[in-house]
Amino acid sequence: MHAKTANKIATATIYTLVGIVVIILIGILGNILVSGVPHLSWHFLTSEASSFQAGGGVRDQLWNSLYLLIITLVISIPVAIGAAIYLSEYAADNWLTGLIKTTIEILSSLPSIVVGLFGYLLFVVQFHFGFSILAGALALTFFNLPTLTSNIQQALEGVPQTQRDAGLALGLSNWKTIRGIVLPAALPGILTGVILSAGRIFGEAAALIYTAGQSGSIISFTNWNPFSPTSFLNVMRPAETLAVHIWRVNTEGIIPDANMVSAATGALLIIVVILFNLGARILGNHLYSKMTAAKS
Amino acid sequence: MVDNAGAIITTKDVHLSYGSHEALHGISLDFKENELTALLGPSGCGKSTFLRCLNRMNDDIPNIKITGNIRFEGKNIYSPKMDLVWLRKEVGMVFQQPAPFPFSVYKNIAYGLQLEGIRDKELIDQRVEESLKQAAIWNEVKDDLNRNAQDFSGGQQQRICIARALAVHPKVVLLDEPTSALDPISSSEVEETLANLKHEFTFIMVTHNLQQASRISDKTAFLMNGNLIEYGPTEKMFLNPQNQITSDYLNGRFG
């Protein structure tokens, strides 16, 4: 075939395939937003879920989702950064490191329902945490750590070796080079990894059904004592998240407006993920330019 | 404390091996203070490896073994008592690829000083200006000190790196092919900078560029296959090499 024709065909094919992906994405997003957004209202966001009648909201679920996300990130980010620094900067290139890296890759494809069952057996039953935010956050940490670690590791490995040499040649210790030069340079990549994980955590349902539980206890947003069972800050209370709420309303819910509630909750979930994404990017760019004086 | 012949760094019988492979077979060379010495030789001859022994940049390579004696101002740099931070402050380094840190120009230069514990803002400002001037980059960056150093051109970045190395007032600066990644114009800017500074600092420069070596170096050492073939004043070496191999290399018969 003529090289020019082959090139045209290849280009057209690639454009078509990209087009399919974009259409699917727009279709899904559009469908969820179009069917959900009209049902979103201030009332929906600020009232409790209802068990039997129509007109319930998702106030507690929204808060639980955000709270779980924050706690999970607070636990998993330091651990993942530490592990990633070890793997990319300190680990010798031998079979053990290879084994660790392979294990992390395998773990990152672990089905979330399996992580959920594991969390249930270990945290809920063995450690007597009961269905609780803490058990849910720990299960999500297990679910999230492998991906987050390898994302951060890739970000660190993307920093050119010349930067490390330059740091060492200036008399910096290994650790100071990592902390002062490699980490700031890798920040945009690390941030992307965190954002991707946050999306996964926020939308996760299967790992939470058996750990954080599916029932919302009655909570009060004016009770600031984190040890009180009705406080919204208590980490030992069961907590249903938005994603679990969608699942439950559709499987065992008996409210008459189940379709409407799940459509609105789905739209809300996506909107919050998008907002989180944008917020994290703005914060990250701000941090990056403050650390590096780069205009981005 | 400078050696009798005015040498600031002396090396005696330096052997270096990676595992069972020996890359340097006993090199003895003395570097005189405030001169620019060029290390020449074909690729893989060990000149960069040798250069990196002089501020112990090879330390972290697995299975490496370095024997012989390398002294800076009479002190054995491979002694367990040697303070690496001090050594690298005294013996700075500039690399082949310009490697400014992802910070502002100002912070790049100030970083080494802050590590030394200098907190006096005025002193830091003064050193930043002084070293950027020495590296002949001040006029190009003086209005952009808060811009990211990586936003500048390759030649400018390399001169910022030279300024960064000079800011801590080193006695020796090691240059590992400092212009080979740059375009001809940037390359000549860096070369000119070095030529102007060579009586204030001791430079040891690895280069592949023979013209560059002949233009700016005072002494030239020619290495091949891990051996020092010839060493002497640059002019003498280029006009009248003692060794046939040196002559062949300088005339471009191999390399």
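The model is predicted: local features need pLDDT of at least 70, side-chain atom pairs count only at pLDDT 80 or more, and totals for chains, interfaces and linings use all residues. Residues are numbered from 1 along each chain as its sequence is written, and chains are lettered from A in the order in which they are written.

An unreviewed UniProt entry annotates residues 12-34, 66-87, 99-121, 127-145, 181-202 and 260-280 of chain A as "transmembrane region"; such annotations may be inferred rather than shown by experiment. Two of these spans are listed here, with helices (H or I, at least four residues) and strands (E, at least two) taken as DSSP runs.

Chain B gives 23 residues and chain A 16 residues to their contact, where residues touch if their C-beta atoms, placed from the backbone, lie within 7 Å. On the side of chain B, helix 2 (84-90), strand 6 (91-94) and helix 3 (105-115) each give two or more residues.

Within chain B, the axes of helix 6 (residues 154-167) and helix 7 (residues 184-197) come within 8 Å and cross at roughly 20°; axes are lines fitted to C-alpha atoms over the stretch in contact, with angles from 0 to 180 degrees between N-to-C directions. Helix 6 of chain B is therefore roughly parallel to helix 7 of chain B (angles under 35 degrees). Among the contacting residues are B:G154 and B:I162 of helix 6 and B:I185 and B:T193 of helix 7.

Methods:
Angles under 35 degrees count as roughly parallel, over 145 as roughly antiparallel, 65 to 115 as roughly perpendicular and the rest as oblique. Two residues are in contact if their C-beta atoms, placed from the backbone, lie within 7 Å.
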